[in-house]
Amino acid sequence: MSKGLIHHIEIYVSNLKNTVDFWSWFLKELGYSDFQKWEGGKSWRLGETYIVFVQAEERFLDVPYHRCRVGLNHLAFHAVSREHVDDVTQKLRDKGIGILYADKHPYAGGKDYYAVFFEDPDRIKVELVAP
C-alpha cells in the first residue's frame, strides 16, 4: 500500500452502457484491466487504484452533470509520451469523439503543456497529458 495514493474513484453515470463503451478502450489504452462488474456498475484497475462507474438511479437523473457546478471538474491521466497523446487523439477522432479546445490542441493547457482534452458521454472532461 502506498500512503496517500488514491484507492478508488467512483462516478455515478446517466447511462452505464454508453459509459462502459466509452471508457473501456481508453482505460485499457492506459494499462487498466477489467476489475469488477455487476448489473449496476463496472470498474477497471491499474496497480492499487481503480475507477468505478455506477448507474445512477432514475430519480437522480433530472439534473445533468456539469463540470462547472460543485463537484468533479475533470479527470487527468498521464500519457507515456507526446506520441501517445497523438495516438489517442487520432483514436478519439476515429471514434467520432470531439476534441475540446481543438483550435489550441495540443497546447490548450499552455505552451509547455502537451495534452488532449475531451468529454465522456456525461460530459465529464477527460485529459491525457504527456510528460
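Visitor: What makes Y65 and R67 contacts of R123, leaving aside its neighbours within four places in sequence?
Guide: Contact means heavy atoms within 4.5 Å. R123 is in contact with Y65 and R67 in that sense. R123 and R67 are 56 residues apart in sequence, yet 7.7 Å apart in space, C-alpha to C-alpha. This is a predicted model: local features need pLDDT of at least 70, side-chain atom pairs count only at pLDDT 80 or more, and totals for chains, interfaces and linings use all residues. Residues are numbered from 1 along each chain as its sequence is written, and side-chain values use heavy atoms, with hydrogens and water left out.

Visitor: Why is R123 called partly exposed?
Guide: Buried means under 20% relative accessible area, exposed over 50%, and partly exposed in between (1.4 Å probe, protein chains only). R123 has 46% relative accessibility, so R123 counts as partly exposed.

Visitor: Why does T49 count as buried?
Guide: T49 has 14% relative accessibility, so T49 is buried. Among the residues T49 touches, not counting those up to four places away in sequence, are L5, Y32 and W44.

Visitor: Why is the pair of W25 and F26 called edge-to-face?
Guide: Rings of Phe, Tyr and Trp (its six-membered ring) pair if their centres lie within 6.5 Å; planes under 30 degrees apart count as stacked, over 60 as edge-to-face and the rest as tilted. The whole structure has 13 aromatic pairs. The centres of W25 and F26 are 5.8 Å apart and their planes at 70°, so this pair is edge-to-face. Both residues, W25 and F26, are buried.
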